[in-house]
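Could you take me through the strands and the aromatic rings of this model, giving the cut-offs behind each term?

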Amino acid sequence: MSLGEQHVSVSARRVKSKLPSAMLPYTRREFAKLSLAALAGTGLLPVLNRLSAAETPANPPGKPNSKVAGVQLGLNVPYSFADPLMSGDDILKNCLQLGLSAVELRTQPVEAFLGVPADLISPKNSAASGSATANAEQRRQWRKSVSMARVKAFRKRYEAAGVRIEIVKVDGIFKMTDDELDYVFALAKALGGRAISTEISNKDDELKRLGRFADQHRFMVGYHGHAATTPEHWEMAFSFAKYNGANVDLGHFVAGNNVSPVPFIKQHHDRITHVHLKDRRMHNGPNTPFGEGDTPIAEVLRLIRDNKWNIQATIEFEYKIPSGSDRMTEIARAIRFCREALG
């Protein structure tokens, strides 16, 4: 059974001309909210612009391989495709077209495959606080019924195609009950992941609580930082739990801290689950195509390579798409930049 068979197709709602042609239309936080709201229509089948043969491997023989010189290149999905409604099948198809063998995957496509009732996260039903509370409780009860054997079936399809789900992105994790936290750790393990990722909290109590669950499950949590996140913020999280880690977004680090992330990565490499690759300019400057900003992407990739650290280098595509190009072509160019840096 394909992953997409769990969904109702509404492909007629999207046509090629409506594909994103500029920068990512949502912030990460907006994307997370839309992803949760989108489960009601998660059968949406995206239509992609034709890939550039010069940039994208055309039907590469055998399984994809984006592990270059020992560094695992990955992609944050479906976020990088700018489509929170994308099904597991379509995500996998795009990854294969790009020659990617590892991803950071959000839980929404997985739970859609597992059959989460669509009305639990319908925007209309969640408009009133009472409905949102009721939906949260029903969703919690549904999660208690999930069979991890079904989760492994989702994983099996990806791994059979040559794509590993190394990092599992969980939105809204700090609002989850204890039962739900146990569930998402079990889910991440069943998917074959080695870490959960989530946005870093500004509240110590939340970092301590999630850290206790991470330690109990012996499973890393990589906290994603934005431009306002400082090294001290992560170091405080590290002090709360052994399995509290960092998802260092290189572009945000440079834009917000106005220094290279290399010293921080060297000091705390054993706590870093993965780095997000994007190029930004200092002083909260914009995202740029790889190699045009102030972010030392190539230097960090070589640092991981030379030290043989188990840190996924995860592309998070956000820069404005140049006129005449398209998203898949630009993602392929970012992958090529990384391959050449490691070559």
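This is a predicted model: local features need pLDDT of at least 70, side-chain atom pairs count only at pLDDT 80 or more; totals for chains, interfaces and linings use all residues.

Residues are numbered from 1 along each chain as its sequence is written, and side-chain values use heavy atoms, with hydrogens and water left out.

Reader: How many of the residues of strand β2 are buried?
Author: Strands here are DSSP runs of E with at least two residues, helices are runs of H or I with at least four, and both are numbered from the N terminus. Buried means under 20% relative accessible area, as against over 50% for exposed and partly exposed in between, with a 1.4 Å probe and protein chains only. In β2 (residues 71-77), Val-71, Leu-73, Leu-75 and Val-77 are buried on one side, and Gln-72, Gly-74 and Asn-76 on the other. The strand is largely enclosed by the rest of the structure, because the buried residues number seven of the seven.

Reader: Which residue of β11 is the bridge partner of Leu-73?
Author: Two strands pair if DSSP finds at least two bridges between them. β2 and β11 (residues 312-315) run parallel and are joined by three bridges. In β11, the partner of Leu-73 is Ala-313.

Reader: What is the angle between the planes of Trp-234 and Phe-264?
Author: Rings of Phe, Tyr and Trp (its six-membered ring) pair if their centres lie within 6.5 Å, and planes under 30 degrees apart count as stacked, over 60 as edge-to-face and the rest as tilted. Both Trp-234 and Phe-264 are buried. Their pair is tilted, with 5.3 Å centre to centre and an angle of 35°.

Reader: Which residues do ring pairs link into a cluster with Phe-264?
Author: Phe-253 and Phe-264 form a tilted pair, at 6.1 Å centre to centre and 40° between the planes. Phe-253 lies in helix α9 and Phe-264 in helix α10, so this pair ties together parts eleven residues apart in sequence. Ring pairs link Phe-264 into a cluster with Trp-234, Phe-238 and Phe-253.
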